[in-house]
Amino acid sequence: FGVLILMVLPLGSLADEIDTALIDLSDRSFEVKQAAVDVIAVGGDPRAATLLEALLGGDLYARESDRRPVLVAPAPGGYRLTDALDGSDLGEVERGAVKKITINNRMRNQLRTAIAALTLASSDPAIRLKAAQQMLGDANPIVVEAIREQLGREDDQRVRDYLDLSLALASLRDETPAVRLTAANALSGSLYPAARNALTKLLSEEPDPEVRAAAERSLAAIEQ
């Protein structure tokens with residue numbers, strides 16, 4: 001499943017893609033929905049995280065008339081609708097005028113990672129820290145690239161520490177032995193339980209003797 005890298009795209013085409021993606025969230029095909037989530041996340045709109053959180057929480061509906069994603073609140077005889085992206089009031093409708101947007105387990109995983117990566121762009125260090133913590137162990141290539149990009153601009157040391165840890169843990173699962181070797185060495189003496197657990201797991205399945213030796217040294221340094 002994919003997530004996001006905040007990319008610079010032509011504004012007109014990006015806006016069109018996002019409008020289409022918002023409609024596609026209510027498609028019957030989960031593959032179409034997954035692709036729509038990727039487009040919405042890539043758009044970089046700070047409101048996208050709220051929309052995706054509503055989708056993950058089962059609180060996102062589609063208006064039957066135009067399939068626009070909406071949030072609903074009980075109203076006499078039906079619902080009062082709010083636009084899920086811009087928060088505008090869309091008035092009241094009968095209950096049959098909206099339909100809940102469903103997701104599957106694969107989408108739940110995709111959404112959790114997308115939301116975490118989106119929040120890395122927050123101006124609040126506490127929000128970025130929580131996002132970095134949620135991304136620990138996620139080896140999705142798009143997530144890894146998002147972490148690398150954030151490291152290039154992150155100025156909060158606690159957030160940087162978790163981003164470094166996330167990157168090292170993801171790199172332990174890389175196909176290239178040299179990348180796994182660098183990651184195993186980087187985790188030497190780490191105080192984070194996630195590092196110890198990942199190195200222990202690596203030892204049980206690592207085919208490369210040099211990487212395995214590095215993992216053993218790093219674990220020994222942790223135990224000191």
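**Note on the predicted model**

1. By class, the lining of the largest pocket comprises eight charged, three nonpolar and two polar residues. Here Ala, Val, Leu, Ile, Met, Phe, Trp, Tyr, Cys and Pro count as nonpolar, Asp, Glu, Lys and Arg as charged, and the others, Gly among them, as polar. A pocket is an open set of points on a 1 Å grid over the protein atoms alone, where a 1.4 Å probe fits, with protein on both sides within 12 Å along at least five of seven lines; lining residues have an atom within 4 Å of a point.

2. The model is predicted: local features need pLDDT of at least 70 and side-chain atom pairs pLDDT 80 or more, whereas totals for chains, interfaces and linings use all residues. Residues are numbered from 1 along each chain as its sequence is written, and side-chain values use heavy atoms, with hydrogens and water left out.

3. The protein has 10 helices and five strands; these are DSSP runs numbered from the N terminus (helices H or I, at least four residues; strands E, at least two). Its C-alpha trace spans about 65 × 35 × 35 Å along the principal axes. Of the 224 residues, 42% are buried, that is, under 20% relative accessible area with a 1.4 Å probe, protein chains only.

4. The largest pocket holds about 270 Å³ of space, a volume being the space filled by probe spheres set on the grid points, which are joined across faces, edges and corners. Of its 13 lining residues, Ser 26, Asp 27, Arg 28, Lys 99 and Lys 100 lie nearest the centre. At least two lining residues come from each of α2 (30–42), β1 (61–63) and β5 (98–100).

5. The second largest pocket has a volume of about 220 Å³. Its lining includes Leu 169, Leu 172, Arg 173, Lys 201 and Glu 205, and helix α9 (residues 193–205) gives the most to this lining, with four residues. By class, the lining has five nonpolar, one polar and five charged residues.

6. In soluble globular proteins, nonpolar side chains tend to be buried together. The largest nonpolar core here has 32 residues, and those with the most contacts inside it are Met 135, Ile 147, Leu 163, Leu 172, Leu 187 and Leu 199. Such a core is a set of buried Ala, Val, Leu, Ile, Met, Phe, Trp, Tyr and Cys residues joined through side-chain atoms within 4.5 Å. Helix α7 gives the most to this core, with eight residues. Apart from it lies another core, of 25 residues, among them Leu 22, Leu 55, Ala 84 and Ile 101.

7. Ser 218, in helix α10 (residues 209–223), is buried, with a relative accessible area of 1%. Beyond its neighbours within four places in sequence, Ser 218 is in contact with Ala 184, Asn 185, Leu 187, Ser 188, Gly 189 and Leu 199, where contact means heavy atoms within 4.5 Å. Leu 199 in turn touches residues including Leu 172, Leu 187, Ser 218 and Ile 222.

8. Where is Val 144 placed? Val 144 belongs to helix α6 and is buried, with a relative accessible area of 10%. Not counting residues up to four places away in sequence, Val 144 touches Asp 138, Ala 139, Leu 167 and Ala 170. Val 144 and Leu 167 are 23 residues apart in sequence, with their C-alpha atoms 6.4 Å apart in space.

Methods: Buried means under 20% relative accessible area, exposed over 50%, partly exposed in between (1.4 Å probe, protein chains only).
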